[in-house]
Amino acid sequence: METIEHTFEPVYDADSKILILGTMPSPKSRETGFYYGHPQNRFWKVLAAVFDVPCPQTIEEKKAFCYTHHIALWDTLRSCRIEGASDASIQDPVGNDIGALVAKTKIEKVFVTGRKAEAFYEAYCGCDLPCVYLPSPSPANRQISFENLKKAYECVKD
């Protein structure tokens, strides 16, 4: 079990209208230097399918995708102790100040990618906006098909 400090800045601008939150960057995301960086994570493929655009590949393309669609990205936790990428192993969570981020934007909706992100958002993040649960796009969550994951994420477009 190692202590991880979140090192990515949130992706947002003043025109961001929705916020999508995970828990903490996985080891693969930390290695690639950006959110949802595991090649088998379906996050970027699902969002591209929802918006009917090509899947962004580079970090710059992913940021541009977010800005174009008024999406802000961050994680619920600033630090924690974690075993690998297992959200179930998280101990000593410290939340990010989501309320401060929301105050700088036009964010009206908050989405969380997984039950742990939902629990941490509600317990530690200091934001009054309710969150909407989305199934985790993680490669570990293969019980949900791509089509059903896409259907669940359609609400991001509204």
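Student: Where is His70 found?

Tutor: His70 sits in the loop between α3 and β3 (71–75). Elements come from DSSP runs numbered from the N terminus: helices are H or I with at least four residues, strands are E with at least two. This is a predicted model, in which local features need pLDDT of at least 70 and side-chain atom pairs count only at pLDDT 80 or more, while totals for chains, interfaces and linings use all residues. Residues are numbered from 1 along each chain as its sequence is written, and side-chain values use heavy atoms, leaving out hydrogens and water.

Student: What is the phi of His70?

Tutor: The general idea comes first. Most residues other than glycine have a negative phi. His70 is not a glycine, yet its phi is positive, near 60 degrees. Tyr36 is another non-glycine with a positive phi, about 55 degrees. Tyr36 belongs to the loop between α1 and α2.

Student: Is Tyr36 buried or exposed?

Tutor: Read the relative accessible area: under 20% is buried, over 50% is exposed, and in between is partly exposed (1.4 Å probe, protein chains only). Tyr36 has 11%, so it is buried. His70 has 29%, so it is partly exposed. Across the chain, buried residues make up 46% of the 158 residues.

Student: Which residues touch the most other members of the largest nonpolar core?

Tutor: A nonpolar core is a set of buried Ala, Val, Leu, Ile, Met, Phe, Trp, Tyr and Cys residues, joined through side-chain atoms within 4.5 Å. Here the largest core has 38 residues, and Leu19, Ile20, Ile71 and Leu73 touch the most other members. Its largest share, six residues, comes from α2. Another core, of seven residues, lies apart from it, with Met24, Leu77, Ile90 and Phe120 among them.

Student: What does Leu73 touch?

Tutor: Contact means heavy atoms within 4.5 Å. Not counting residues up to four places away in sequence, the contacts of Leu73 include Leu19, Ile20, Tyr36 and Trp44.

Student: Is Glu118 buried or exposed?

Tutor: Glu118 is buried, at 17% relative accessible area. It lies in helix α5. Beyond its neighbours within four places in sequence, Glu118 contacts Val112, Cys131 and Tyr133.

Student: How many residues line the largest pocket?

Tutor: Take a 1 Å grid over the protein atoms alone. A cavity is a set of points where a 1.4 Å probe fits but cannot get out; a pocket is an open set with protein on both sides within 12 Å along at least five of seven lines; lining residues have an atom within 4 Å of a point. Points join across faces, edges and corners, and volume is the space filled by probe spheres set on them. The largest pocket holds about 600 Å³. Its lining has 29 residues, with Thr23, Ala85, Asp87, Ser136 and Ser138 nearest the centre. Helix α1 gives the most, three residues.

Student: Which residues lie nearest the centre of the second largest pocket?

Tutor: They are Tyr36, Trp44, Pro56, Gln57 and Lys62, out of 16 lining residues. Two or more lining residues come from each of α2 (43–51) and α3 (59–68). The volume of this second pocket is about 220 Å³.

Student: How many helices and strands does the protein chain have?

Tutor: The chain has six helices and seven strands. Its C-alpha trace spans about 40 × 35 × 25 Å along the principal axes.
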